[in-house]
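Q: Hi! Could you walk me through a few spots in this one? I'll jump around a bit.
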Amino acid sequence: MVTNKSVKDFEIEIEQKNGTRKNCLISANMIHSEAFTGYSGVLRDVTEQQKAEELRKARDIARQSSKMKEQFIENISHEMRTPMNAILGMSNLVMRTPLNPEQAGYINSIKQSSEILLEVVNDILAVSEIQNSQIEFDYKFFNLYELLNNLMNVLQYRAKEKKLSLSLNIAENVPKVVNGDQKRLNQIIYNLVLNAIQFTNEGGIDVSIENLHQSHEFVHLKFTISDTGIGIPADKIAAIFETFTLLRQEGRSQQGTGLGLPIAKTLIEQQGGKIGVESSIGKGSVFFFDLLFEIGELVIPSAIRTKSETALNREALRLLLVEDHKMNQIVAIKTLEKYWDDIIVLVANDGE
């Protein structure tokens with residue numbers, strides 16, 4: 001009579017002669033007969049396999065935790081941006097009303113602080129986009145000269161606050177209309193110029209664009225942002241493009257998030273371009289990057305009705321405003337009414 005008993009993948013820990021402990025699995029059959037009693041089995045070392053599994057689980061937990069934190073930051077940033085836009089809008093509206101010098105100063109301080117905070121929120125959202133690989137580029141034809149001039153107008157007051165000059169130089173052979181992501185290009189140059197203003201105490205910033213090479217369909221452009229600022233130490237140049245890196249400037253507190261340059265670098269490289277910097281302590285810095293664009297033709301748009309033209313038209317301008325935030329509804333309505341005397345604004349709380 002023969003009796004068979006078996007065990008499969010029974011886990012045990014064994015110690016080798018050299019003292020090393022191994023995790024093993026035993027699969028064995030017991031063989032018992034009148035002539036013989038014994039075992040037939042296989043011993044498998046699963047130490048490395050178990051370590052790999054533990055690492056995988058730890059990695060998955062870390063990823064999940066990181067994703068939850070990123071989602072939390074993104075949600076909070078979105079929630080912050082809505083009321084910040086309302087504060088900025090209200091500040092702009094108040095500044096259009098009669099104010100005494102003291103009141104104007106207070107409102108201007110509120111507006112400037114709100115703009116700085118909104119920049120921080122936007123940077124956090126941009127980094128979240130990058131880290132989650134959610135960057136999408138929207139390529140279409142746009143007027144490059146118009147974009148650059150508008151951007152300089154927006155940044156001009158930031159330069160004037162520090163009594164700095166801000167100039168724009170576009171080479172004559174740079175095409176006026178190109179095909180690219182207008183929003184991302186604006187974001188790149190804005191971050192680089194803002195960074196230059198932040199670390200420049202006297203002198204100014206110069207933005208220049210030159211044509212490196214042009215074919216029948218494409219143009220290779222180089223953008224250069226030069227400043228007369230404090231400069232960057234040679235051993236810090238590589239670090240400035242790392243997230244949350246802030247250079248310490250003697251005699252002043254650090255400002256910003258340290259996200260502007262990393263965001264610009266990522267947006268440039270993901271479009272096939274390269275960014276570089278040359279700098280000397282006390283002599284300023286030169287940031288430069290290149291991008292390839294398809295060349296387009298300049299189309300003159302039809303005239304947009306101005307406030308005075310609208311007033312002459314007997315039929316009122318009717319506009320549908322879709323906005324779910326009550327304060328932003330008020331800001332939008334009041335702003336539109338400031339620009340157009342004869343306007344009827346219908347409000348919808350949501351897209352549906």
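Q: Is lysine 163 buried or exposed?
A: Lysine 163 is exposed: its relative accessible area is 78%, and exposed means over 50%. Keep in mind that this is a predicted model.

Q: What about aspartate 9, what's its phi?
A: Aspartate 9 is not a glycine, yet its phi is positive, about 50°. Aspartate 9 lies in strand S1 (residues 3-15) and is partly exposed, with a relative accessible area of 36%.

Q: Switching to helices: at what angle do the axes of H3 and H4 cross?
A: Roughly 30°, and the axes come within 10 Å; H4 covers residues 182-198. Angles under 35 degrees count as roughly parallel, so H3 is roughly parallel to H4. The crossing is right-handed.

Q: Which residues make the contact?
A: On H3 they include Leu144, Leu148, Leu151 and Arg158, and on H4 Leu185, Ile189, Val193 and Ile197 are among them. By class, the contact has 14 nonpolar, two polar and one charged residues.

Q: Last one: what does the side chain of glutamine 271 reach?
A: The backbone oxygen of leucine 267, at 3.1 Å. Glutamine 271 is in the loop between helix H5 (260-269) and strand S9 (274-280).

Q: And which residues does glutamine 271 touch, not counting those up to four places away in sequence?
A: Glutamine 271 touches Phe137, Tyr139, Asp181, Arg184, Ile188 and Leu291.

Terms used. Residues numbered from 1 in each chain as written. Predicted model: local features only at pLDDT ≥ 70, side-chain atom pairs only at ≥ 80, totals over all residues. Heavy atoms only, no water. Helix = DSSP H or I, 4+ residues; strand = E, 2+ residues; numbered from the N terminus. Polar contact = N/O pair within 3.5 Å; in protein donor to acceptor, adjacent residues only side chain to side chain. Contact = heavy atoms within 4.5 Å. Buried < 20%, exposed > 50% of the residue type's maximum accessible area, 1.4 Å probe, protein only. Axes fitted to C-alpha atoms, helices over the stretch in contact; angles between N-to-C directions. Parallel < 35°, antiparallel > 145°, perpendicular 65-115°, else oblique. Left-handed = near helix turned anticlockwise from the far one by under 90°. Nonpolar A, V, L, I, M, F, W, Y, C, P; charged D, E, K, R; others polar.
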